Amino acid sequence: MSISLTRYLVEEQRAKGRIPSELRLLLEVVARACKSISHAVNKGALGSELGDVMGSAGSENVQGEVQKKLDIIANNVLIEANEWGGHLAAMASEEMDSIHVVPNRYPQGEYLLMFDPLDGSSNIEVNVSIGTIFSVLKKVSSNAAVTEQDFLQPGTQQVAAGYCVYGPQTTLVLTVGDGVAMFTLDREQGSFVLTQENVKIPEDTKEFAINMSNMRHWDAPVKRYIDECLAGKEGPRGKDFNMRWIASMVADVHRILTRGGIFMYPWDKREPEKPGKLRLMYEANPMSWLIEQAGGAATNGKQRILELEPTQLHQRVSVILGSKNEVERVTKYHVTP
Ligand code: AHG
Ligand code: MN
Ligand code: MN
């Protein structure tokens, strides 16, 4: 018999007391929003009730990246779905300069939701997998007003994290700190159905994901690691490696959760003052927690990502995550070159 997301959450709560009802509501609302984003993504150039979803919106986000129409639509879907339920205090997103506090007309809850509404949006027009990434924290301060400061908690404090990948299938991947579960969207039923539990990443791999066009800008430890992989059977690793780079972190991480691998978006010399390209709060932290929950590892080359103390909502970070032994190797190359 198939197990719906709702049933999974209820049973997790009953058996392990992990998911208070407010958090369950929050996760169900996020899943509902993802269904609606999935629908818009699927319609593509046909347009949906959410309007024309293709192309540029003619604006830029706080990081100076061009926003696609679908970035903004996905952002609005998540805000509108989540602001009235009474479970949230505030939200933060890649596509909004500052936090979105739940308006006064609605009750305020104790949770904080962060998201990358559409990850990999350069892949929209080319019909390659994209996704939504989310991270949930609890507001710990007793101050009545929510501020950006409330969000600046390390990834170890997350109470739920996940992503939804819009690919050949729409799959929601979730952790509440009790392993990783995957749910596939059944379009006829209109619900997410549990399709894999206790996801585990193999500790070793022969597959790496990195944007090779940046090679000349990499730091020595990253260059060393990739050179050794490229040397194959005859090199120090004694085995051939395969490469994949989808340019959607959700899709690359989904592959790693499915069959192992290592993903790297390291610091490089193109913008030396920035710690990396990816964002800590709504990309690296949720993905790192999922990866760790599946037995993998995630570091910035020196430290565990989940232990980094954030100082800014939109802060960037160098990311190395996936199969444990490979991540440890790259980290070792950084720490003791
Ligand atoms: P976003 O579309 O949310 O800005 O994120 C894109 C990110 C990530 O998903 C992907 O791994 C990386 O950018 C791809 O970057 P390059 O185009 O530099 O390879
Ligand atoms: Mn992204
Ligand atoms: Mn995005």
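This is a predicted model: local features need pLDDT of at least 70, side-chain atom pairs count only at pLDDT 80 or more; totals for chains, interfaces and linings use all residues.

Residues are numbered from 1 along each chain as its sequence is written, chains are lettered from A and ligands numbered from 1 in the order in which they are written, and side-chain values use heavy atoms, with hydrogens and water left out.

**Exercise 1. The metal ions**

Task: Find the residues that coordinate the manganese ion (ligand 3) and those that coordinate the manganese ion (ligand 2).

Solution: 

Step 1. Start with what counts as a donor: an N, O or S atom within 2.8 Å of the metal (3.2 Å for Na, K and Ca); water is not among the atoms, so sites may look incomplete.

Step 2. Around the manganese ion (ligand 3), you find Glu94 (OE), Asp116 (OD) and Leu118 (O), at 2.2 to 2.3 Å. Their spacing along the sequence reads E-x21-D-x1-L.

Step 3. Asp116 coordinates both ions, which are 3.8 Å apart.

**Exercise 2. The nonpolar cores**

Task: Work out which residues have the most contacts inside the largest nonpolar core, and which helix gives the most to this core.

Solution: 

Step 1. A nonpolar core is a set of buried Ala, Val, Leu, Ile, Met, Phe, Trp, Tyr and Cys residues joined through side-chain atoms within 4.5 Å.

Step 2. The largest one has 46 residues, and Leu26, Leu27, Leu70, Leu113, Phe134 and Phe183 have the most contacts inside it. Helix 2 (residues 21-43) gives the most, with 11 residues (helices are DSSP runs of H or I with at least four residues, strands are runs of E with at least two, and both are numbered from the N terminus).

Step 3. A separate second core holds 41 residues, among them Ile133, Ala209, Leu257 and Val319.

Step 4. Now zoom in on Leu113: not counting residues up to four places away in sequence, its contacts include Leu26, Val30, Met91, Phe134 and Phe151 (contact means heavy atoms within 4.5 Å).

**Exercise 3. The aromatic pairs**

Task: Describe how Phe208 and Phe241 are paired, then do likewise for Trp245 and Phe263.

Solution: 

Step 1. Rings of Phe, Tyr and Trp (its six-membered ring) pair if their centres lie within 6.5 Å; planes under 30 degrees apart count as stacked, over 60 as edge-to-face and the rest as tilted. The whole structure has 4 such pairs.

Step 2. Phe208 and Phe241 are tilted, with 6.5 Å between centres and 45 degrees between planes. Phe208 belongs to strand 11 (residues 207-209), while Phe241 is in the loop between helix 5 (220-230) and strand 12 (242-243), 33 residues apart. Phe208 is buried because its relative accessibility is 2%, and Phe241 also counts as buried, at 16%.

Step 3. Trp245 and Phe263 are stacked, at 5.4 Å centre to centre and 20 degrees between the planes. Trp245 lies in the loop between strand 12 and helix 6 (249-259) and Phe263 in strand 13 (residues 262-265), so this pair ties together parts 18 residues apart in sequence.

Step 4. Trp245 is partly exposed at 23%, whereas Phe263 is buried at 1%. Together with Tyr265, they form one aromatic cluster.

**Exercise 4. A buried glutamate**

Task: Locate Glu326 and list its contacts.

Solution: 

Step 1. Glu326 lies in helix 8 (residues 324-335) and is buried, with a relative accessible area of 2%.

Step 2. Beyond its neighbours within four places in sequence, Glu326 is in contact with Glu203, Thr205, Tyr225, Arg237, Lys239, Phe241 and Ile262.

Technical notes
Buried means under 20% relative accessible area, exposed over 50%, partly exposed in between (1.4 Å probe, protein chains only).
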